[in-house]
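Please look at the sequence and the three-dimensional structure shown below, and keep both in view while you read the report that follows.

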Amino acid sequence: MKYSLAIYGAPYSSQAADTAFSFAEAAIARGHEIYRLFFYLDGVHNASNLATPPQDENDLPARWRELIKTQNIDAVVCIAAGLRRGLLDEVEQQRYEKTGNNLSEGFTLSGLGQLIDAGTHSDRLITFGA
Amino acid sequence: MILHTVNKSPLQNNSLDSCLRIAQPDCAILLIEDAVYAATDTANGLISEQVLSLHKVYALIPDLKARGLLERIKPGIELVNYDGFVTLTEQFDSVQSWY
Amino acid sequence: MSDNKSFLIVNRKAPFGSAFAKEALDVGLIAAAFGQKLSLLFMDDGVYQLLKNQNPSDINQKNSSQTLPMLEMYDVKDIYVEAESLQARNLQSEDLLISVQIIDSQATAELIDQQDILLNF
């Protein structure tokens, strides 16, 4: 089956994103496809390449990057929610003349239409809320 | 039929209470994250015998283990791993997430 | 894009104290603009999103409730409120900004069961 996950919690602030990650891994292990990961609300923070947890802690943003790369997953960060919370790619950095950008490789900034699209094209859309 | 997931502790947040008000018989309820405290055997917990007679109630093992609850589970609640979580989502048409 | 699946947005949170109310409404407007079959459900503290006379200017937030009437412009007419949630908060339909269908818990359960895609906020 095709699964899409809507992730609304920031890493470290709640378990939502961790639960979503473990679910994604388990779904893949059962032979399912992850159609899209959609990061919205505080979930956008999962896509930051500046997250620097202590070495003995779970580096969730890094694990997302790895999973997205090895499984070729479409990982979308809602652009409005991302900009508001300081998640920018190079394009938005230029557009708003900001000092940096921090969107992790493998993620794209896009609109809420991608969440709707995930709903219409997946067999299951599951929300992981904080 | 719906799989309901609840992730908040029942005494801290009304999510489980609302879920139980809405969940139809034959829907399943999966307790995850802080909601696994509701899976413990307490005298006046929300997961009553009546609830268990209407719904299959599951609790996520990694969350129970994290919180030191594995020896305190109310009889009648089934324990699952993430693999079981995925399996439940296969069996039900949609997932209603209460948080 | 539309396979004619029905969407239900479930709103359970009060406005302003968290971002859920506003960001759920944004999803609703996009779904409506894309011509999706959309219903909205307000229950628990979500019913507070519909109260008249909201004025968040002194807390530096936008008044999302003012965008609610836009839903009707997009032909979103299936807006439901759970009766028990209203009663628990001592509210009636006259207190609400838009016209809604007030349904009991049983009907709420059936509504949730009937929709293809659930968006939970």
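In what order do the five strands of the open sheet in chain A stand? Before the reply, a word on the model itself: this is a predicted model, in which local features need pLDDT of at least 70 and side-chain atom pairs count only at pLDDT 80 or more, while totals for chains, interfaces and linings use all residues. Residues are numbered from 1 along each chain as its sequence is written, and chains are lettered from A and ligands numbered from 1 in the order in which they are written.

**The sheet of chain A**

The order of the five strands is S4-S3-S2-S1-S5 (chain A), and the pairing in this open sheet is parallel. Helices and strands are DSSP runs numbered from the N terminus (helices are H or I with at least four residues, strands are E with at least two), and two strands pair if DSSP finds at least two bridges between them. At the edges of the chain A sheet are strand S4 (107–110) and strand S5 (124–128), each of which pairs on one side only. From one strand to the next, the twist averages 25°. Within this chain, strand S2 (residues 33–39) and strand S3 (residues 75–78) of chain A pair in the parallel sense over three bridges, and Phe38(A) stands opposite Val76(A) in S3(A). H1(A) lies across strand S1 (2–7), S2 and S5 of chain A, running at about 170° to S1(A); such angles run from 0 to 180 degrees between N-to-C directions, and axes are lines fitted to C-alpha atoms, for helices over the stretch in contact.

**The sheet of chain B**

Chain B also has an open sheet of five strands, with the order S4-S3-S2-S1-S5 and parallel pairing. Strand S4 (78–80) and S5 of chain B stand at its edges with a single partner strand each, so one side of each is left without a neighbour in the sheet. Four bridges join strand S2 (residues 28–31) of chain B to strand S3 (residues 56–60) of chain B in the parallel sense, with Ile29(B) opposite Val57(B) in S3(B).

Helix H1 (residues 15–22) of chain B lies across strand S1 (2–6), S2 and S5 of chain B, at about 165° to S1(B). This helix H1(B) is mostly covered, since six of its eight residues are buried, where buried means that 20 or more other C-beta atoms lie within 10 Å of a residue's own, exposed means 12 or fewer, and partly exposed lies in between, with C-beta atoms placed from the backbone. Among the buried residues of H1(B) are Leu16(B), Cys19(B) and Ile22(B), and what covers the buried residues of this helix includes S1, S2, H2 and S5 of chain B together with helix H4 (105–114) of chain C.

Leu52(B) lies in helix H2 (residues 49–54) of chain B. Why does Leu52(B) count as partly exposed? Leu52(B) is partly exposed because 15 other C-beta atoms lie within 10 Å.

**Strand S1 of chain C**

Strand S1 (residues 6–11) of chain C is mostly covered, with five of its six residues buried. The table gives its two pairings.

| Partner of S1(C) | Sense | Bridges |
|---|---|---|
| S2(C), residues 37–42 | parallel | six bridges |
| S5(C), residues 117–120 | parallel | four bridges |

**Where the chains meet**

Two residues are in contact if their C-beta atoms, placed from the backbone, lie within 7 Å. By this rule, eleven residues of chain B are in contact with 13 residues of chain A, and the largest share of that side of chain B, six residues, comes from H4(B). Helix H1 (residues 16–29) of chain A and helix H4 (residues 82–91) of chain B pack at an angle of about 75°, with their axes 8 Å apart. That angle makes H1(A) roughly perpendicular to H4(B), a term that covers 65 to 115 degrees. The contact between these helices includes Phe23(A) of H1(A) and Phe85(B) of H4(B).

Notes:
Angles under 35 degrees count as roughly parallel, over 145 as roughly antiparallel, 65 to 115 as roughly perpendicular and the rest as oblique.
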